[in-house]
Number of protein chains: 4
Amino acid sequence: MPCYSSDKLNALVKEAKKYTAQGKVADYIPALKKENPHDLSAAIFHPDGRCISAGDVDQKITLQSISKVLTLALALMDYGEEQVFEKVGYEPTGDPFNSIVKLELYNPSKPLNPMINAGALAVTSMIKGETIENRLERILDFVQKLAGDRKIGYSQEVADSEFKTAYLNRALCYFMMEHGIIEEEVEGLLELYTKQCAIEMTCLDLARIGLVFAMDGADPFTKEPLIPRDIVRVCKTFMVTCGMYNAAGEFAVRIGIPAKSGVSGGIMGVVPNRFGIGIFGPALDEKGNSIAGLKLLEMLSEKYSLSIF
Amino acid sequence: MPCYSSDKLNALVKEAKKYTAQGKVADYIPALKKENPHDLSAAIFHPDGRCISAGDVDQKITLQSISKVLTLALALMDYGEEQVFEKVGYEPTGDPFNSIVKLELYNPSKPLNPMINAGALAVTSMIKGETIENRLERILDFVQKLAGDRKIGYSQEVADSEFKTAYLNRALCYFMMEHGIIEEEVEGLLELYTKQCAIEMTCLDLARIGLVFAMDGADPFTKEPLIPRDIVRVCKTFMVTCGMYNAAGEFAVRIGIPAKSGVSGGIMGVVPNRFGIGIFGPALDEKGNSIAGLKLLEMLSEKYSLSIF
Amino acid sequence: MPCYSSDKLNALVKEAKKYTAQGKVADYIPALKKENPHDLSAAIFHPDGRCISAGDVDQKITLQSISKVLTLALALMDYGEEQVFEKVGYEPTGDPFNSIVKLELYNPSKPLNPMINAGALAVTSMIKGETIENRLERILDFVQKLAGDRKIGYSQEVADSEFKTAYLNRALCYFMMEHGIIEEEVEGLLELYTKQCAIEMTCLDLARIGLVFAMDGADPFTKEPLIPRDIVRVCKTFMVTCGMYNAAGEFAVRIGIPAKSGVSGGIMGVVPNRFGIGIFGPALDEKGNSIAGLKLLEMLSEKYSLSIF
Amino acid sequence: MPCYSSDKLNALVKEAKKYTAQGKVADYIPALKKENPHDLSAAIFHPDGRCISAGDVDQKITLQSISKVLTLALALMDYGEEQVFEKVGYEPTGDPFNSIVKLELYNPSKPLNPMINAGALAVTSMIKGETIENRLERILDFVQKLAGDRKIGYSQEVADSEFKTAYLNRALCYFMMEHGIIEEEVEGLLELYTKQCAIEMTCLDLARIGLVFAMDGADPFTKEPLIPRDIVRVCKTFMVTCGMYNAAGEFAVRIGIPAKSGVSGGIMGVVPNRFGIGIFGPALDEKGNSIAGLKLLEMLSEKYSLSIF
């Protein structure tokens with residue numbers, strides 16, 4: 001599907017790009033360090049098929065935490081709300097995404113929500129399938145359908161790099177095993193989780209997936225229901241309350257678009273009934289969100305009144 | 001303004017009332033203990049002036065934490081976003097509303113958001129006025145305008161009762177004085193805060209105020225702008241991310257109506273562009289929200305698709 | 001009683017004094033800021049009446065946290081172990097002396113030990129007497145007896161200075177009122193507590209009090225029992241496990257002398273059956289202990305094998 | 001070496017045994033569940049070779065946390081204080097032995113002391129040796145020397161049982177890897193650590209090791225120095241400040257004997273210059289210490305004035 005460069009969007013991207021100087025590329029995942037901090041690209045996908053873009057939209061990015069929304073949707077489709085929310089809570093938290101403190105202090109121990117690492121690991125452990133490979137295939141298949149792009153795969157290099165250094169995630173997993181939240185072998189779960197995080201796509205694909213959420217779960221072209229409407233609603237809610245790490249509250253107030261960010265610098269935005277947004281800008285602010293990506297969304301939200309509030 | 005009893009609403013209220021048996025009336029504020037735990041009343045106010053109700057809508061309730069949204073609006077009108085959010089953050093927190101832990105653990109010390117007690121106290125300390133009396137008058141005047149009811153006052157008995165036993169709030173205030181977040185004399189601030197919490201109205205008034213927020217800040221009848229639209233947006237966002245104590249996340253997922261609850265059992269709901277809701281049901285769940293009130297909102301949201309998500 | 005300057009002690013003090021450059025005078029209590037950071041003086045009192053000293057031993061210092069041991073002894077004499085340890089625990093804590101976090105996180109809420117501020121405030125609230133004045137007189141009388149010096153009083157200036165800015169202590173008190181640990185009016189308690197902390201004496205007096213503890217509670221000259229032996233044992237134990245703020249563990253390992261420090265820069269040391277030590281060195285390390293005082297005790301402990309371990 | 005049953009000790013053991021009814025056997029390590037909760041045995045070893053005992057002194061117990069003192073001694077002998085205390089702190093903590101919270105909240109991340117699990121794991125990771133087997137042999141060799149018993153080994157069953165379910169310890173290890181405190185492969189370290197915890201001996205052996213610490217590190221019979229005196233002093237200090245989990249403070253106040261307990265129900269006591277104590281009583285109090293063992297030590301301490309304070 002072609003996507004046309006837009007002068008208006010180019011102008012906004014150019015303006016937002018200035019902020020890249022104040023951020024820096026994630027360095028705790030070795031393979032991400034190579035990105036150019038000054039990159040910023042964006043795509044906007046409309047339900048009628050119109051797509052506009054700015055910047056290098058062929059560049060591939062890994063989903064990282066953006067994948068948490070997609071596995072949440074899949075787990076909800078596999079098990080239903082009741083079972084999923086037995087394992088993971090609904091509440092936003094002011095703590096960092098990789099914090100372990102509340103798992104110990106809260107009784108019974110339970111990850112506060114599915115967007116922090118602990119919660120996302122618990123959600124991935126619920127994805128059905130007989131082997132790690134099967135489960136990964138199911139995730140990939142689901143993502144490919146959402147993006148309408150069967151060529152989407154994952155970066156073995158990024159997955160390997162994360163897998164090796166995922167000490168905090170291992171700590172979270174073992175802590176949750178102690179409390180019966182995770183019941184499978186940790187190394188396998190981490191393999192699956194790091195591959196899920198390493199799923200690779202362009203910001204066009206990202207915008208296309210955002211559009212599915214914006215259209216209540218329907219494929220924008222075939223109208224086929226890819227995600228039930230109720231599950232879309234749950235996912236959008238978490239994007240608002242917990243989508244931008246521990247800056248979600250400020251994002252909701254200032255920008256108000258259901259969105260999910262990843263430390264790769266990607267952001268998927270959902271403007272209900274209007275369009276999907278995909279952004280890639282690897283320079284991050286200190287909370288782990290794309291610094292220029294946030295700025296771009298802020299400008300878009302103000303200019304076009306995109307806040308849901 | 002008359003408000004008509006509605007069969008449909010009566011039926012829902014009757015259904016929701018069953019849940020009162022599982023909750024209990026707040027006992028930490030002595031004056032609230034007298035309420036009948038089995039009460040449940042509700043009013044819905046439409047922009048065209050239609051008002052429907054169920055239950056005893058003449059009964060007066062105190063605002064308690066519902067007042068936090070109103071003083072936030074007033075402080076934002078007094079100072080603007082930038083200054084207010086220097087003193088108080090934007091982020092939801094999984095902690096209880098009266099928690100002091102994060103004030104110590106976060107550096108610099110700052111209440112996470114204006115809906116927890118620490119943040120609300122910091123907001124009230126920003127309300128302009130030369131004396132405690134002036135400041136209280138300004139708050140009352142603002143609330144009266146929003147409700148279109150000049151007779152609204154506060155319950156001296158409830159205010160006195162809370163003032164005497166407000167030890168945790170005193171602890172929060174002194175902690176914030178240490179860190180420069182509050183700079184005025186604590187006993188005066190607490191007098192103001194407990195009177196603000198003791199402002200008394202019916203659930204009709206509450207629904208009427210909810211309607212103002214639903215109509216982007218305009219008086220529903222005169223169309224006079226009572227609160228700037230941008231400030232309304234900020235307030236609605238906090239109602240979604242932090243309005244129901246540490247059950248806000250679950251409320252957003254399951255119900256999705258911007259709302260604010262108080263330990264008196266009141267809930268103010270805002271259905272954007274449609275109507276305002278006022279509920280009174282003093283039996284609380286373990287997180288401090290009206291147990292039957294939540295149930296009623298859940299039924300309303302499902303039946304009439306009220307979720308903003 | 002005369003105290004003779006000692007060449008050996010002078011040499012050690014001179015050596016230890018070098019470390020004053022790395023510390024700084026407490027600045028959170030305004031009246032303490034005036035001290036000369038390069039001061040260091042010390043006195044050692046033997047049971048046979050011999051006293052040796054080095055530095056300006058006429059200089060007066062306020063007890064600050066050193067007073068916590070003395071009020072603990074008095075409260076134990078007033079009520080016995082059982083009642084005292086209903087209000088306050090026995091356990092050391094790795095947290096700073098003014099931390100409020102554990103009061104909230106532990107259930108039931110209780111200060112972990114009598115040497116942190118919360119615990120010391122709870123202990124002072126147990127000191128018997130009909131008025132604040134009576135209770136202060138009882139504390140002063142007790143301290144005067146221990147030091148054998150009827151002229152000991154408190155610094156009104158330091159007490160006033162601390163009283164005005166004691167916001168954190170007020171927060172701790174109100175938090176404890178909420179939980180029934182403190183039951184008296186907070187401002188009165190704080191007046192008493194800040195005066196107790198402002199009790200003023202020389203390092204000779206301090207060494208003399210240390211000697212009483214070293215002699216199992218007996219007046220070193222009259223042999224009159226001033227503190228029961230069992231209570232002395234309890235106090236010495238807390239000096240070892242919690243006497244040096246959150247550096248108590250390291251102090252026990254490296255130095256091993258029961259001791260209590262104050263943010264004035266004073267340290268009282270107890271070498272069981274041998275002597276009492278009084279030190280004054282206002283430059284503090286980052287944990288609030290006299291930096292040169294610690295060094296001096298370390299040198300003394302090594303040279304004369306003073307560790308109890 | 002023979003050990004004679006003592007009427008006096010038998011009487012005390014009989015008295016203390018009554019308290020077993022209030023405790024329960026550790027159930028989180030499956031292999032420990034089999035112990036008889038009503039057991040209580042004790043041995044006291046004097047420097048002149050006299051040994052008195054009560055109860056079934058042939059019964060073998062695993063060291064569990066008691067081993068933490070022994071590996072601390074060995075690591076200090078391998079590396080010296082400075083290097084060991086770069087990895088692990090000196091400070092007691094009011095938190096449970098298996099808590100992970102402070103590792104996240106303290107900056108830089110570092111286990112507070114070598115007696116909590118995190119600290120003990122960091123210490124074991126410092127034990128020198130080319131392979132896990134070598135390192136285990138070194139630990140066993142050291143323990144055998146201390147006990148004067150070359151037949152001491154470990155229980156493969158207990159080690160296996162703990163290894164399989166050591167999820168919290170795995171979480172602690174991975175958290176510490178993230179922060180560079182542990183740098184070796186976690187599964188190997190846990191194998192070593194669980195085997196160290198599963199070292200098996202009688203309470204006679206335990207008393208004999210306690211005696212070595214009581215005699216400043218010398219073999220009680222050959223007088224050969226087994227542990228340098230300075231390291232013994234460090235170990236005894238930690239036994240006092242952190243030896244009884246988060247009941248160490250109360251134990252120091254009420255009993256005052258350097259001691260270390262394990263969840264097997266073992267306690268090793270050290271009465272400096274007098275004797276060593278070994279106790280086995282598997283019923284634990286809620287903090288993980290042998291409930292009757294504590295009572296026995298309390299009676300011994302009172303009767304024979306054993307407190308070091």
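Mentor: Start with Pro108(C), which sits in the loop between helix H4 (101-105) and helix H5 (117-124) of chain C. Helices here are DSSP runs of H or I with at least four residues, strands are E runs of at least two, and both are numbered from the N terminus. The peptide bond joining Asn107(C) to Pro108(C) is cis, with omega at about 0°. Chain B has a cis bond between Asn107(B) and Pro108(B), with omega again about 0°, and Pro108(B) is in the loop between H4 and helix H5 (117-124) of that chain.

Some bookkeeping before we move on. This is a predicted model, so local features need pLDDT of at least 70 and side-chain atom pairs count only at pLDDT 80 or more, while totals for chains, interfaces and linings use all residues. Residues are numbered from 1 along each chain as its sequence is written, chains are lettered from A and ligands numbered from 1 in the order in which they are written, and side-chain values use heavy atoms, with hydrogens and water left out.

In chain B, Leu105(B) belongs to helix H4 (residues 101-105). Leaving out residues up to four places away in sequence, Leu105(B) touches Val101(C) and Leu105(D), where a contact is heavy atoms within 4.5 Å. At 38% relative accessible area, Leu105(B) is partly exposed; the scale calls a residue buried under 20%, exposed over 50% and partly exposed in between, using a 1.4 Å probe and protein chains only.

Ser99(A) is buried, at 10% relative accessible area. Its side chain reaches the backbone nitrogen of Val101(A) at 3.4 Å. Beyond its neighbours within four places in sequence, Ser99(A) is in contact with Leu172(A) and Glu104(D).

Back in chain C, there is an open sheet of three strands, ordered E5-E7-E6 with antiparallel pairing. Strands E5 (61-62) and E6 (153-154) are the edges, each pairing on one side only. Ile61(C) stands opposite Met201(C) in E7(C). Helix H6 (residues 132-147) of chain C lies across E6 and E7, running at about 20° to E7(C); axes are lines fitted to C-alpha atoms, for helices over the stretch in contact, with angles taken from 0 to 180 degrees between N-to-C directions.

For strands with their residues tucked away, go to chain B. Strand E3 (residues 41-45) is mostly covered, with five of its five residues buried. Ser41(B), Ala43(B) and Phe45(B) point one way, while Ala42(B) and Ile44(B) point the other. E3(B) runs antiparallel to strand E10 (residues 275-280), joined by five bridges, and Ala43(B) has Gly278(B) as its partner there. Strand E4 (residues 51-54) also pairs with E3(B) in the antiparallel sense, over four bridges, with Ile44(B) partnered by Ile52(B). E3(B) and E4(B) make a hairpin with five residues between them, and Gly49(B) in the turn has a positive phi of about 95°.

Positive phi turns up outside glycine too. Lys223(D) has phi near 65° in the loop between helix H10 (203-214) and helix H11 (229-242) of chain D, and Lys223(D) is exposed at 53% relative accessibility.

Last, a helix pair in chain A. Helix H2 (residues 67-79) and helix H11 (residues 229-242) pack at about 145°, their axes 10 Å apart. The residues of this contact divide into 10 nonpolar, no polar and no charged. Nonpolar here means Ala, Val, Leu, Ile, Met, Phe, Trp, Tyr, Cys and Pro; Asp, Glu, Lys and Arg count as charged, and the others, Gly among them, as polar. On the H2(A) side are Val69(A), Leu72(A), Ala73(A), Leu76(A) and Met77(A), which meet Ile231(A), Val234(A), Cys235(A), Phe238(A) and Met239(A) in H11(A).

Methods
Pairing = 2+ DSSP bridges. Polar contact = N/O pair within 3.5 Å; in protein donor to acceptor, adjacent residues only side chain to side chain.
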